[in-house]
Every structure is written in C-alpha cells, then in structure tokens.
Amino acid sequence: PLGFFGWYDQGQYLKQLKDLMSNGVTALSSGIYPPGYMILAIPFTIFSQFFTDNYFQYSLIVLNTILVISSVIIFSHTLGKNKAIFFLLLLSFLIGFSDIVRNAWIIPWSSSVTLFVASLFYYIISSDGIMFKQRLNEIAILIFYGIMLSILLHTRPQDFVIISFSSVLYLIFTFYKYNGIGRNVYIPILSFVLVEIVFYILAD
C-alpha cells in the first residue's frame with residue numbers, strides 16, 4: 001500500500017492529497033474518498049515542503065494531531081477541573097496501553113474531523129444560551145462551527161448526517177427552553193451555506 005503505516009486508507013489520503021497539490025481544484029472529485037480531509041491538509045503541505053521531502057505524510061500527521069489535541073482541549077474545557085483531570089489521565093493511560101485507542105487517536109484518520117466537530121458541538125451545548133449571546137467569541141465559535149460542519153460533509157457524510165441531526169434536536173430543545181431559538185442561529189447556517197457555495201463553484 002501507499003504511504004506510511006502500510007495501510008490502505010492512509011495510502012489513499014496521500015494519493016488524493018498529491019493529486020490536489022498537482023492539479024488543484026480540478027482534482028476535488030478524484031479519489032475514492034470525499035476530499036474534505038485532504039483540503040484541510042493543503043496549508044500544512046505547502047508549509048512543510050520547505051522542511052522535509054516527506055511533506056505529504058507529515059502534513060497529514062500534523063493536521064491529524066492538531067485536530068485531536070484541539071478536540072481534547074475543547075472537551076476538557078467543558079468538563080470542569082476534576083472531571084477534566086480524570087478524563088486526561090484515563091485517555092493518556094488508554095493511549096499508552098491500548099493499540100486500538102492509540103491507532104484511533106494518533107494515526108491519521110478522516111474521523112479526526114468528526115471528533116473535532118463533535119467536540120465543538122458539545123462545547124456549544126455546554127455553553128448555556130450561546131444562541132442568545134452577542135459576544136464576539138461566541139459568534140466566532142458559531143461561524144467556525146458552520147465552516148467545519150461543511151468540511152465534515154465533504155469528509156465523512158455519514159457523520160455529518162448524525163451531527164447535523166443532533167444540531168437540529170439541540171435547536172428544538174433550545175426553542176422550548178427559552179421560548180425561542182435565538183438570533184445567533186443564522187450564523188452557523190449562513191457560514192455553512194457560504195462555504196458550500198464556494199466549494200461547489202470550485203468543484204464545478
């Protein structure tokens with residue numbers, strides 16, 4: 001198989017990433033997997049080519065590591081101090097002693113995008129009333145959530161269906177709790193739609 005770890009999926013990621021770097025947006029529809037994961041890797045590929053000959057491999061490793069660590073930080077932030085410490089200790093133990101967990105969290109997989117979007121969604125749920133707040137950081141989080149939801153659609157469509165359905169349920173419960181969904185609801189929807197329009201224009 002192509003690429004590092006000798007595994008089929010990672011080989012196909014590399015093949016599609018190389019195709020995207022060589023042929024640009026015309027290669028978005030090539031390959032056996034949706035291109036979202038490889039699109040996220042492009043900035044890291046461009047940057048890392050100045051430092052190593054194996055920049056395709058390293059760009060996926062760096063991207064995956066950033067997504068996983070960011071997900072752990074976001075999730076830990078929602079738990080509170082004691083629960084977060086217990087979670088981090090347990091996760092460290094499992095990564096150290098379980099091949100299954102280590103493979104799932106360290107080796108590059110497109111599911112790291114799902115992990116990141118799910119942790120971001122969990123943060124939004126945990127931030128009570130975020131749909132009603134007008135502070136810039138809350139608005140930025142909702143914009144980013146819409147963007148990453150679009151990336152997820154073009155990375156793992158089946159996971160997008162689950163998380164977007166969960167988002168709708170969250171909005172329904174928010175409506176009943178506050179007698180209204182909140183004026184921020186349009187922010188992630190608008191950012192999602194705009195990214196989709198750009199993607200389909202580029203992908204022809």
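Leaving aside neighbours within four places in sequence, which residues is Ser 119 in contact with? The answer is in the Ser 119 view below: Ser 71 and Ile 74.

**Before you look.** This is a predicted model, so local features need pLDDT of at least 70 and side-chain atom pairs count only at pLDDT 80 or more, while totals for chains, interfaces and linings use all residues. Residues are numbered from 1 along each chain as its sequence is written, and side-chain values use heavy atoms, with hydrogens and water left out.

**View 1. The whole protein, to get your bearings.** You are looking at nine helices and zero strands; helices here are DSSP runs of H or I with at least four residues, strands are runs of E with at least two, and both are numbered from the N terminus. The radius of gyration is 18 Å, close to the 17 Å that the globule rule gives for 204 residues, so the protein is as compact as a globular protein of that length. That radius is taken over C-alpha atoms, and the rule is 2.2 Å times the number of residues to the power 0.38. Along the principal axes, the C-alpha atoms fill a box of roughly 55 × 45 × 30 Å. Of the 204 residues, 40% count as buried, where buried means under 20% relative accessible area, exposed over 50%, and partly exposed in between (1.4 Å probe, protein chains only). Take the contacts (heavy atoms within 4.5 Å) with a separation of 6 or more: residues 24 or more positions apart account for 66% of them.

**View 2. Ser 119, back to the opening question.** Ser 119 sits in helix α6, which covers residues 111–126. With a relative accessible area of 6%, Ser 119 is buried. Its contacts, leaving aside neighbours within four places in sequence, are Ser 71 and Ile 74. Look at Phe 75 too: Ser 119 and Phe 75 are 44 residues apart in sequence, yet 5.6 Å apart in space, C-alpha to C-alpha.

**View 3. Ile 124, also in helix α6.** Here the view moves along to Ile 124, again found in helix α6. Ile 124 is buried, with a relative accessible area of 2%. Not counting residues up to four places away in sequence, Ile 124 touches Ile 130, Ile 141, Leu 142, Tyr 145 and Tyr 170. Ile 124 and Tyr 170 are 46 residues apart in sequence, and their C-alpha atoms are 9.6 Å apart in space.

**View 4. Thr 155, in a loop between two helices.** Find the loop between α7 (136–153) and α8 (157–178), and Thr 155 is there. Thr 155 is buried, at 5% relative accessible area. A polar atom of the Thr 155 side chain lies 3.2 Å from the backbone nitrogen of Tyr 37. That is a polar contact: a pair of N or O atoms within 3.5 Å, where, within protein, one must be able to donate a hydrogen and the other to accept it, and residues adjacent in sequence count only if both atoms are side-chain atoms. Skipping residues up to four places away in sequence, Thr 155 touches Pro 34, Gly 36, Tyr 37, Ser 110 and Val 113.

**View 5. Ser 48, in helix α2.** Helix α2 covers residues 36–48, and Ser 48 is part of it. Ser 48 counts as buried, at 11% relative accessibility. Its side chain reaches the backbone oxygen of Phe 44 at 2.7 Å. Leaving aside neighbours within four places in sequence, Ser 48 is in contact with Tyr 55 and Ser 59.
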